[in-house]
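Have the sequence and the 3D view ready.

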Amino acid sequence: MIDIYAGPSAAKAIKEQGMTPDLFSTFLGASGGPKWFTLFGLDKYLFGEFFKERNTTLNLLGSSAGAFRAACFAQNDPVAAISRLAKSYSETRYSSNKAKPEEITTKARELLSTVFAENGIQEIIDNPVFKAHFIVAKSNGFVASENKLMQLMGLSKSYLANRLNRRFLNKQYERYVFQPSDSQLSFSDNNTFNTHTIELSEDNLADALLASGSIPLVMQGIKNITGTPPGMYRDGGIIDYHFDLNIHNDGLILYPHFNNKPKAGWFDKSLKRGITPKNYDKVVMITPSAEFVASLPYGKIPDRTDFTELDADTRIKYWRQVLSETERLGEAFDKLCEHPIEPKIQIIT
């Protein structure tokens with residue numbers, strides 16, 4: 001039902017101490033849009049049960065869909081918040097399967113309003129335990145333009161530069177991390193992206209979160225976010241799609257993910273390039289098993305192509321079924337934690 005992958009240090013700690021919540025100091029949430037639906041049941045279990053009694057800091061670091069999830073986990077009722085996100089996102093309808101960026105961006109703002117409910121923004125900022133961090137990519141040059149042709153030119157340049165070396169993207173993109181004022185999260189990046197931290201506030205949280213999920217060409221970018229230098233801010237997954245960061249905090253890193261082959265950045269999706277193994281030394285990655293994925297409708301996990309390849313009614317029915325099926329993943333993780341049986345761990349190398 002679920003597979004566990006871990007770096008050498010993480011595997012050793014789990015074998016010695018079991019899968020206990022106090023082992024973890026950081027939680028990662030990757031980009032990937034509706035691929036996240038396969039983790040819904042696991043997310044509810046983790047923040048409704050596994051971390052329920054936690055009273056020490058857990059840093060939540062996410063980009064795009066992962067940032068949206070972090071915004072749910074940092075609210076006072078994380079299960080209710082993540083359920084609002086799943087329902088609103090999965091039931092989104094557009095005027096056509098070729099919706100324009102303006103419409104998709106408007107729908108995304110409506111989704112966030114639903115996720116925040118009455119007081120979500122303030123709850124995220126004030127949470128003393130679950131500290132949300134949203135990654136956003138400041139875009140420079142042609143990729144900052146809202147003109148489709150210019151944006152395509154900029155993205156083509158990014159694609160070619162990235163094929164040579166990920167470091168060559170650092171002229172076009174800068175990493176901005178929106179975080180609580182008292183954040184102690186620290187990480188380094190061997191690809192030398194310029195990284196800036198911005199304090200989350202009532203004035204910038206919604207825009208920062210929306211920017212973190214603003215996919216180039218699909219959505220509008222977010223301009224001039226409060227507290228940042230003037231400019232265009234887009235999807236955090238451009239730089240940190242599935243993460244390749246050396247996180248310095250003590251403790252292990254819990255990383256529920258929809259597959260076992262993380263890619264560092266958005267432009268790595270079609271490349272064989274993997275992550276840096278040493279950056280995953282303290283990571284515990286939980287993924288749905290191949291058998292579980294095969295049991296889903298269409299034998300796959302949801303993705304953004306479902307918006308264009310399926311009619312709305314068919315897509316929504318399919319996504320609802322996936323969300324329901326993922327309850328089994330939460331149950332599987334519960335059994336793994338409750339029974340003193342050493343879990344089968346595959347080492348990340």
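Start with R175, which is buried, at a relative accessible area of 0%; buried means under 20% relative accessible area, exposed over 50%, and partly exposed in between, using a 1.4 Å probe and protein chains only. Before we move on, a word on what you're looking at: this is a predicted model, where local features need pLDDT of at least 70, side-chain atom pairs count only at pLDDT 80 or more, and totals for chains, interfaces and linings use all residues. Residues are numbered from 1 along each chain as its sequence is written, and side-chain values use heavy atoms, with hydrogens and water left out.

Back to R175. Its side chain meets that of D189 in a salt bridge, at 3.0 Å from N to O; a salt bridge here is a side-chain nitrogen of Lys or Arg within 4 Å of a carboxyl oxygen of Asp or Glu. R175 sits in strand β5 (residues 173-179) and D189 in the loop between β6 (187-188) and β7 (195-199), so the pair ties together parts that are 14 residues apart in sequence. Helices (H or I, at least four residues) and strands (E, at least two) are DSSP runs, numbered from the N terminus. D189 also counts as buried, at 14% relative accessibility.

How many salt bridges does the structure hold? There are 15 of them. In another one, D43 pairs with R69, and the closest N and O atoms are 2.8 Å apart. Since D43 belongs to helix α2 (residues 40-50) and R69 to helix α3 (residues 65-73), this pair ties together parts that are 26 residues apart in sequence. D43 is buried at 0% relative accessible area, and R69 is buried at 2%.

Next, look at D306 and K300, whose side chains meet in a salt bridge of 2.9 Å, N to O. D306 counts as buried at 2% relative accessibility, while K300 is partly exposed at 25%.

Now for the helices. Two packed helices are described by the angle between their axes and the distance between the axes. The axes of α5 (residues 101-116) and α8 (residues 205-212) come within 11 Å and cross at roughly 125 degrees; axes are lines fitted to C-alpha atoms, for helices over the stretch in contact, and angles run from 0 to 180 degrees between N-to-C directions. That makes α5 oblique to α8, given that angles under 35 degrees count as roughly parallel, over 145 as roughly antiparallel, 65 to 115 as roughly perpendicular and the rest as oblique. Where they touch, T105, A108, R109, L112 and F116 in α5 meet L205, A206, D207, L209 and L210 in α8, contact meaning heavy atoms within 4.5 Å.

T287 is buried, with a relative accessible area of 2%. Leaving aside residues up to four places away in sequence, T287 touches M1, I2, D3, Y5, H257, N259 and N260.

Finally, check two backbone angles. S64 has a positive phi of about 55 degrees although it is not a glycine; S64 is in the loop between β3 (58-63) and α3, and is buried at 7% relative accessible area. Y298, also a residue other than glycine, has a positive phi near 65 degrees. Y298 lies in the loop between α9 (290-295) and α10 (306-309) and counts as exposed, at 53% relative accessibility.
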